[in-house]
Amino acid sequence: MEKFVKTYIDAFMAELVARNPGELEFHQAVGEVVGSVAPYLEANPYLINEKILERMSEPERTVIFRVPWMDDHGTIRINRGFRVQMNSALGPYKGGLRFHPSVNLSILKFLAFEQTFKNSLTTLPMGGAKGGSDFYPRGKSDGEVMRFCQSFMTELSRHIGADTDVPAGDIGVGGREIGYLFGQYKRLRDEFSGTLTGKGLAWGGSLLRPEATGYGVCYFAQEMLAGKNKSFEGQRVVISGAGNVAQYAAQKALRLGAKVLTLSDSDGYMYDPDGLDEEKMAYVFQLKNIRRGRISEYVQKFPKAQYFAGQRPWNVPCDIALPCATQNEIEKADAEALVKNGCYAVIEGANMPSTPDAIGIFQNAKLLYSPGKASNAGGVATSGLEMTQNSIRQHWTAEEVDTHLRRIMSDIHASCLKYGTNPDGYINYVRGANIAGFIKVAGAMLDQGLV
Ligand code: NDP
């Protein structure tokens, strides 16, 4: 790297850390992108004078608000709501809502920043945003979740709209929460529009949206594996999480012939030596989505499986790992265990599940490694397809949506190859995804002037 670029990047990161104190996840996400785009800045130094990184890393707007609600015992509860509208250069803000006690400004800024590049990669007209609350739906009744969602939307509705900002789900926000949020939005605004995605099929949702992130992860993985003349057939797959992304990644992987060995939640993981099958998947869907149970219950139903409390699944020998739970869930020692046990591909379903140290280990060992912003983009892409269907007031078949999803994942893979292939043939998917996403957003920002 030329010295002037190194000096600039060091100063930029120091300034970012000083301006955003304590926001470690945000520093991590920006640092990764900045490291990747350095060669592009070197070749295009005018972008430094244009302060494009400084502009991209400052949200266009951040809203933080009080969310008061009453629990089933009549006790008043107060949570904090957020919406980070990071970048609208490519289209209306778009990104999920997360309800989890860990939610804070740093996590939402990292997610909104990542979302901007991910949405750019999809080639669909969507800017980047993220929002949510420190509210924890776990253990709450349907009535409590509804009252919380209504209170949350009462404020959020002032800041979103079909052509302004279109939220979707994320951790803790699934079909039930989107329903309550949509209902309140409709009531407040007196309009039936596509302002949220992930809607129910009967009221504007898209076929395949629930499946899209997990399926997209597997479609992207297929492209990566094909480059090595491999496929999912007969491969041992370890998956973390047991939520939306994990469930459908597991279903698609097993349908493609893989042996899916694990699922997890924040309490531990289950290991099934025989692998999941359709009957076991049906049980998991029921357990997690209808009964809202814990993955520990799997071993009561299928006693050949084992449950490991308080542990992550990364010590289980596997060929392919699909982290689908949360950020920084693969640390250095986990990455070392995966490599040591023969894992040759890590394809991220979650956002930023691998720490920078873990990524370094994967790349040094020349694993097939893909960052979430590339491999999990199928979710937001299908949300984009839901927006299109809402706008033209049509409903596409599952086959039509699936065809679009496969094409988009294949195109994202091609973009990663274009900008990420090293002279020795190794594909650095992090660099590929970051540069491809960056070029388009930067170009659009420059076209639109200093706004
Ligand atoms: P869900 O809420 O449906 O599931 C999350 C799963 O991850 C649950 O099993 C949960 O366990 C587990 N989990 C959450 N936090 C932790 C933690 N701190 N430690 C261990 N396990 C944890 O969320 P999604 O499946 O929608 O999201 C999973 C990941 O995928 C997130 O990183 C999200 O940002 C990303 N993503 C989601 C998309 C979507 O369309 N839904 C699109 C693109 C990315 P528990 O029940 O114990 O909390």
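Two strands pair if DSSP finds at least two bridges between them. The close-up views below are taken from a predicted model.

**View 1. Strand S10 pairs with strands S6 and S11.** Strand S10 (residues 320-323) is joined to strand S11 (residues 345-347) by two bridges, and these strands run parallel. Valine 237 has isoleucine 320 of S10 as its bridge partner.

**View 2. Both faces of strand S10 are covered.** In a regular strand, side chains alternate between the two faces of the sheet. On one side of S10 lie Ile320 and Leu322, and on the other lie Ala321 and Pro323. All of these residues are buried, a term that stands for under 20% relative accessible area.

**View 3. Seven strands form an open sheet with mixed pairing.** The order of the strands is S9-S8-S7-S6-S10-S11-S12. Strand S9 (306-309) and strand S12 (368-370) stand at the edges; each has a single partner strand, so one side of each is without a neighbour in the sheet. On average, and with direction ignored, neighbouring strands of this sheet are turned by 15° against each other.

**View 4. A right-handed β-α-β unit contains helix H12.** The unit is made by S10, helix H12 (residues 332-340) and S11. The loop between S10 and H12 holds alanine 325.

**View 5. Alanine 325 is in contact with residues from other parts of the chain.** Is alanine 325 buried, partly exposed or exposed? Its relative accessibility is 27%, and alanine 325 therefore counts as partly exposed. When neighbours within four places in sequence are left aside, alanine 325 is in contact with Ile171, Ser240, Gly241 and Ala350. Alanine 325 and isoleucine 171 are 154 residues apart along the chain, yet their C-alpha atoms are separated by 8.4 Å.

**View 6. Helices H2 and H17 pack roughly perpendicular to each other.** Helix H2 (residues 24-43) and helix H17 (residues 429-447) have axes 9 Å apart and pack at an angle of about 70°. Because angles of 65 to 115 degrees count as roughly perpendicular, this description applies to H2 and H17. H2 contributes Glu32, Val33, Ser36, Val37, Tyr40 and Leu41 to the contact, while H17 contributes Val430, Arg431, Asn434, Ile435, Phe438 and Ile439. Of the residues in the contact of H2 with H17, eight are nonpolar, two are polar and two are charged.

Key. Residues numbered from 1 in each chain as written. Predicted model: local features only at pLDDT ≥ 70, side-chain atom pairs only at ≥ 80, totals over all residues. Heavy atoms only, no water. Axes fitted to C-alpha atoms, helices over the stretch in contact; angles between N-to-C directions. Helix = DSSP H or I, 4+ residues; strand = E, 2+ residues; numbered from the N terminus. Parallel < 35°, antiparallel > 145°, perpendicular 65-115°, else oblique. Contact = heavy atoms within 4.5 Å. Nonpolar A, V, L, I, M, F, W, Y, C, P; charged D, E, K, R; others polar. Buried < 20%, exposed > 50% of the residue type's maximum accessible area, 1.4 Å probe, protein only. Right-handed = clockwise from strand over helix to strand, strands pointing away.
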